[in-house]
Amino acid sequence: MNEKIKQLVKQATVIRKTFYGVEHLSFDTEKFAASIIKECATVCLDTAENQFRPLFHRESDVARVCCEKIKQHFGVQE
């Protein structure tokens with residue numbers, strides 16, 4: 001698993017106490033999903049605005065490059 005994904009999983013895992021004071025780990029799926037979305041948006045925005053805008057004139061070209069950069073960022077292969 002990509003180190004960035006491991007970091008997001010860790011951030012979404014929290015220690016909670018039960019009514020009886022027993023601690024247990026809980027995974028916040030909404031926080032994890034939101035973190036991934038934020039990361040993807042950041043990667044895409046950075047790619048489109050800072051790296052590839054001068055090279056491409058069509059938005060579809062930028063979107064395709066952003067998609068590939070997002071997959072690379074998370075270590076996802078198709």
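Lys71 and Glu68 both belong to helix α3 (residues 59-74), three residues apart, or about one turn of the helix. Helices here are DSSP runs of H or I with at least four residues, strands are runs of E with at least two, and numbering starts from the N terminus. The side chains of Lys71 and Glu68 meet in a salt bridge, at 3.1 Å from N to O. A salt bridge requires a side-chain nitrogen of Lys or Arg within 4 Å of a carboxyl oxygen of Asp or Glu.

Lys71 is buried, with a relative accessible area of 17%. Glu68 is partly exposed at 39%. Buried stands for under 20% relative accessible area, exposed for over 50%, and partly exposed for values in between (1.4 Å probe, protein chains only).

## Model and overall layout

This is a predicted model; local features need pLDDT of at least 70, side-chain atom pairs count only at pLDDT 80 or more, and totals for chains, interfaces and linings use all residues. Residues are numbered from 1 along each chain as its sequence is written, and side-chain values use heavy atoms, with hydrogens and water left out.

The protein has three helices and two strands. Along the sequence they follow the pattern α-β-β-α-α. Of the 78 residues, 23% are buried. Contact means heavy atoms within 4.5 Å. Among contacts between residues at least 6 apart in sequence, 40% join residues at least 24 apart.

Helix α1 spans residues 3-12, and its buried residues are Ile5, Leu8 and Ala12. They cover an arc of only 60 degrees around the axis, so they sit on the same side of α1. The arc is taken over the directions from the helix axis to the C-beta atoms. Glu3 and Lys10 are exposed on the other side of α1.

Asn2 caps the N-terminal end of α1. One of its side-chain oxygens lies 2.6 Å from the backbone nitrogen of Lys4.

## Salt bridges of helix α1

The count of salt bridges comes to three. Among them is the pair of Glu3 and Lys6, with the closest N and O atoms 3.4 Å apart. Both residues lie in helix α1, three residues apart, about one turn of the helix. Glu3 is exposed, with a relative accessible area of 56%. Lys6 counts as partly exposed at 39%.

Glu39 and Lys4 also meet through their side chains in a salt bridge, at 3.3 Å from N to O. This pair links distant parts of the chain: Glu39 is in helix α2 (residues 29-52) and Lys4 is in helix α1, 35 residues apart. Glu39 counts as buried, at 18% relative accessibility. Lys4 is partly exposed, with a relative accessible area of 22%.

Val9 is found in helix α1. Its relative accessible area is 28%, so Val9 is partly exposed. Leaving out residues up to four places away in sequence, Val9 touches Phe27 and Phe32. The C-alpha atoms of Val9 and Thr29 are separated by 9.1 Å, with the two residues 20 apart along the chain.

The count of aromatic pairs is one. Phe27 and Phe32 form this tilted pair, with 5.4 Å centre to centre and 55 degrees between the planes. Rings of Phe, Tyr and Trp (its six-membered ring) pair if their centres lie within 6.5 Å; planes under 30 degrees apart are stacked, those over 60 are edge-to-face, and the rest are tilted. Phe27 counts as partly exposed at 38% relative accessibility. Phe32 counts as buried at 18%.

## Ser26 in strand β2

Ser26 lies in strand β2 (residues 23-27). Its side chain makes a polar contact with the side chain of Arg16, at 3.2 Å. A polar contact is a pair of N or O atoms within 3.5 Å; within protein, one must be able to donate a hydrogen and the other to accept it, and residues adjacent in sequence count only if both atoms are side-chain atoms.

Ser26 touches Ala12, Thr13, Val14 and Arg16, not counting residues up to four places away in sequence. Ala12 is also one of the buried residues of helix α1.

## Cysteines

The disulfide count is zero. A disulfide would need a pair of cysteine sulfur atoms within 2.5 Å. Cys40 is buried, with a relative accessible area of 19%. Cys66 is buried too, at 1%.
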